[in-house]
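Me: Got a structure open here and want a quick tour. Can we go through it piece by piece?

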Amino acid sequence: MTALLELPEVRQRVHTLSVKDYHRLGELGILSDDVELLRGIVVTKMSKPPLHELVAQKLLRLLMARVPAGFEVRREGPLTLCDSEPEPDISVVRGKPDDWATAHPGTAHLVIEVSVTSASVDEGKAEIYAEAGIPEYWLVRPDAGTVDVYRQPSGSSYSLKTTLQAGDQLECLSLPGVKFAIAEILPARA
């Protein structure tokens, strides 16, 4: 199937969806719950192995304990962006749940993707998040024991990318008080 999508004559016939049309299809029950809209294309999300769930749960607990008042920590909550509606593993947005009764948040202060089986897709999302002006994007790679920290969005990229190791401290510059050791989110070593 992938090779078919790489053919120029097929690519010319692929039709993209607007966020509005994507919502409409969802309201009609045409879309499943395991998809997200990336660059106008409906993409099936990857399955989540146990390591992914473990790291995401640890991140969720740490963030909920440290995120300042006035912000919400969301797990797989949609963000409505220009031509995409990604559902990051975790996002931290300003406001309260009632603020999104009629529309998903259009930005975040921090988005996090845990990458166990979806590295190339998660790396590609950096461009989408940068274009949306999201100040910080963390790409957690538990198998490698690293976190890629993207900061300073500029156009369709981040000006600063740093890779931190298991022994390093992870600090969110856009959210005061959010700081912890990377080792705290990795699996315990036997």
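This is a predicted model: local features need pLDDT of at least 70, side-chain atom pairs count only at pLDDT 80 or more; totals for chains, interfaces and linings use all residues.

Me: Where does arginine 141 lie?

Reply: In strand E6, which covers residues 136-141.

Me: Is arginine 141 buried or exposed?

Reply: Buried. Its relative accessibility is 18%, and the cut-off for buried is under 20%.

Me: Zoom out. What does the secondary structure of the chain come to?

Reply: The protein chain has 5 helices and 10 strands. Its C-alpha trace spans about 50 × 40 × 30 Å along the principal axes.

Me: What radius of gyration does the chain have, and what would a compact globule have?

Reply: The chain has 17 Å. A compact globule of 190 residues would have a value near 16 Å, so the two agree.

Me: How much of the chain is buried?

Reply: Buried residues make up 41% of the 190.

Me: And what share of contacts join residues at least 24 apart?

Reply: 50%, counting contacts between residues at least 6 apart in sequence.

Me: Strands next. How do E1 and E2 run?

Reply: Antiparallel. 4 bridges join E1 (residues 35-38) to E2 (residues 41-44). Leucine 38 stands opposite isoleucine 41 in E2.

Me: What sits between E1 and E2?

Reply: 2 residues, making the pair a hairpin. Arginine 39 is in that turn, with a positive phi of about 55°.

Me: Which side chain does arginine 39 meet in a salt bridge at 2.8 Å?

Reply: Glutamate 127, with 2.8 Å from N to O. Glutamate 127 lies in helix H5 (residues 119-131) and arginine 39 in the loop between E1 and E2, so the pair ties together parts that are 88 residues apart in sequence.

Me: Which other glutamate forms a salt bridge with arginine 39?

Reply: Glutamate 131, with its closest N and O atoms 2.9 Å apart. Glutamate 131 is in H5 too, so this pair ties together parts that are 92 residues apart in sequence.

Me: Which residues are linked in that salt bridge network?

Reply: Arg39, Asp83, Glu127 and Glu131.

Me: How accessible are arginine 39, glutamate 127 and glutamate 131?

Reply: Arginine 39 is partly exposed at 26% relative accessibility. Glutamate 127 is partly exposed at 37%. Glutamate 131 is partly exposed at 42%.

Me: How many salt bridges in the whole structure?

Reply: A search finds 13. One of them joins the side chains of lysine 48 and glutamate 76, at 3.6 Å from N to O. Lysine 48 lies in the loop between E2 and helix H4 (50-66), and glutamate 76 in the loop between strands E3 (71-75) and E4 (90-94), so the pair ties together parts 28 residues apart in sequence. Lysine 48 is partly exposed at 32%, as is glutamate 76 at 25%.

Me: Back to H5. Which of its residues are buried?

Reply: Asp122, Lys125, Ala126, Ile128, Tyr129 and Ala130. These pack against E1, E5 (110-114), E6, E7 (146-154) and E8 (157-165).

Me: What comes just after H5?

Reply: Glycine 133, which takes a positive phi of about 75°.

Me: Now the inside. How many residues in the largest nonpolar core?

Reply: 27. Leu59, Leu63, Trp138, Phe180 and Ile185 have the most contacts inside it. H4, E3, E4, E5, E6 and E7 each supply at least two residues. H4 gives the most, with 6 residues.

Me: What is isoleucine 185 in contact with?

Reply: Leaving aside neighbours within four places in sequence, isoleucine 185 is in contact with Val55, Lys58, Leu59, Leu62, Val140, Val147 and Phe180.

Me: Last one. How many disulfides?

Reply: A search of the whole structure finds 0.

Notes. Residues are numbered from 1 along each chain as its sequence is written. Side-chain values use heavy atoms; hydrogens and water are left out. Buried means under 20% relative accessible area, exposed over 50%, partly exposed in between (1.4 Å probe, protein chains only). Two strands pair if DSSP finds at least two bridges between them. A salt bridge is a side-chain nitrogen of Lys or Arg within 4 Å of a carboxyl oxygen of Asp or Glu. Contact means heavy atoms within 4.5 Å. A disulfide is a pair of cysteine sulfur atoms within 2.5 Å. A nonpolar core is a set of buried Ala, Val, Leu, Ile, Met, Phe, Trp, Tyr and Cys residues joined through side-chain atoms within 4.5 Å. The radius of gyration is taken over C-alpha atoms; the globule rule is 2.2 Å times the number of residues to the power 0.38.
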